[in-house]
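Subject: Structure for your files

Hello,

Here is the structure I said I would pass on. Please open it beside this note.

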Amino acid sequence: MTAVPISTCSRPTDPRNAREPSPVRRPRLLVAVCVGLIALSFGSCRGGISEKPPIHPVLDMDFQPKVKAQMASDFPGFADQRGMRTPPAGTLASDALGEAPLHVFKDAAGNYVSNPLPATRDDVLRGQERFNVYCSACHDRSGAGQGLVLQRARVSSPAAFNYLLPDLGAEPRLRDSADGYFYEVITQGKGTMPAYGHQIPVRDRWCIVHYLRVLQARFQ
Ligand code: HEC
């Protein structure tokens, strides 16, 4: 076995080579710095929720004194501190202004009024047509409460069988109710019945009330 001289394995001893930086050392340093930075950045997001407000360089008009929906107000004039004020009695949507005199369904004493529209044949027929459009989906065309909405609900949920709508024609309590009450139910809804005030103009609501009386007349 021949001995290999050690000098053949060692690096060249030329002084110029020795001073030259190793070609692999610089990327190693770079990789180490990058790994360090990445580790640092991971260390800062631990999934925790910060208590501090987010950095918000462009303020626009985000911070200003104003009242948002459902917020309390400390305005001295609002004793109950409610930001959303109840409109004064008799307030009308601007698009209903032309119909203002017809929009009264309670008198000054708070009693429901009678239908201010005379029951002309045209208006009763108009009421029938509007009832069939807006109300029959739930109440059906006779007012008995077997509309398509209920029939379909029963297909998807047997529990809907237990849900009965009042029979608008036969129910004695409704036969005794004032015209203004029906107007109010149409306008504002009741219980699970949605409001139709935004879809049915004021005059048409009274036409429908006339038609409800026609449905009830069959049971008298
Ligand atoms: C989306 C279904 C639906 C439509 C459409 C609908 N109603 Fe109703 N209506 C109901 C329900 C549900 C009730 C029962 C409300 C309650 O007492 O919870 C009801 C109840 C009523 C009552 C009885 C209120 C009382 O005191 O018991 C009247 C009157 C009435 N509706 C009239 C109308 C008229 C008029 C229309 C058309 C403009 C109409 N409804 C459209 C679902 C509807």
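Below is what was found in it, from the overall make-up down to single residues.

The model is predicted: local features need pLDDT of at least 70, side-chain atom pairs count only at pLDDT 80 or more, and totals for chains, interfaces and linings use all residues. Residues are numbered from 1 along each chain as its sequence is written.

Overall make-up

The protein has eight helices and zero strands; both are DSSP runs numbered from the N terminus, helices being H or I of at least four residues and strands E of at least two. Buried residues account for 14% of the 220 residues. A residue is buried if 20 or more other C-beta atoms lie within 10 Å of its own, exposed if 12 or fewer, and partly exposed in between, with C-beta atoms placed from the backbone. Among contacts between residues at least 6 apart in sequence, 55% join residues at least 24 apart; a contact means C-beta atoms, placed from the backbone, within 7 Å.

Helix 7 and helix 8

Helix 7 (residues 179–188) and helix 8 (residues 202–217) have axes that come within 9 Å and cross at roughly 125°. That makes helix 7 oblique to helix 8. Axes are lines fitted to C-alpha atoms, for helices over the stretch in contact, and angles run from 0 to 180 degrees between N-to-C directions. Under 35 degrees counts as roughly parallel, over 145 as roughly antiparallel, 65 to 115 as roughly perpendicular, and the rest as oblique.

On the helix 7 side, Asp179, Phe182, Tyr183, Ile186 and Thr187 meet Arg205, Trp206, Ile208, Val209 and Leu212 of helix 8. Leaving out residues up to four places away in sequence, Val209 touches Asn115, Asp179, Phe182 and Tyr183.

The largest nonpolar core has 16 residues, and Phe182, Tyr183, Ile208, Val209, Tyr211 and Leu212 touch the most other members. Helix 7 and helix 8 are the elements that give two or more residues to this core, and helix 8 gives the most, with seven. Such a core is a set of buried Ala, Val, Leu, Ile, Met, Phe, Trp, Tyr and Cys residues joined through C-beta atoms within 7 Å.

Two residues with positive phi

Gln81 is not a glycine, yet has a positive phi of about 65°. Gln81 sits in the loop between helix 2 (25–44) and helix 3 (121–134) and counts as exposed, because it has 10 C-beta neighbours inside 10 Å.

Asp140, also not a glycine, has a positive phi of about 60°. Asp140 lies in the loop between helix 4 (136–139) and helix 5 (148–156) and, with 20 C-beta neighbours inside 10 Å, counts as buried.

Regards

Notes. Contact = placed C-beta atoms within 7 Å.
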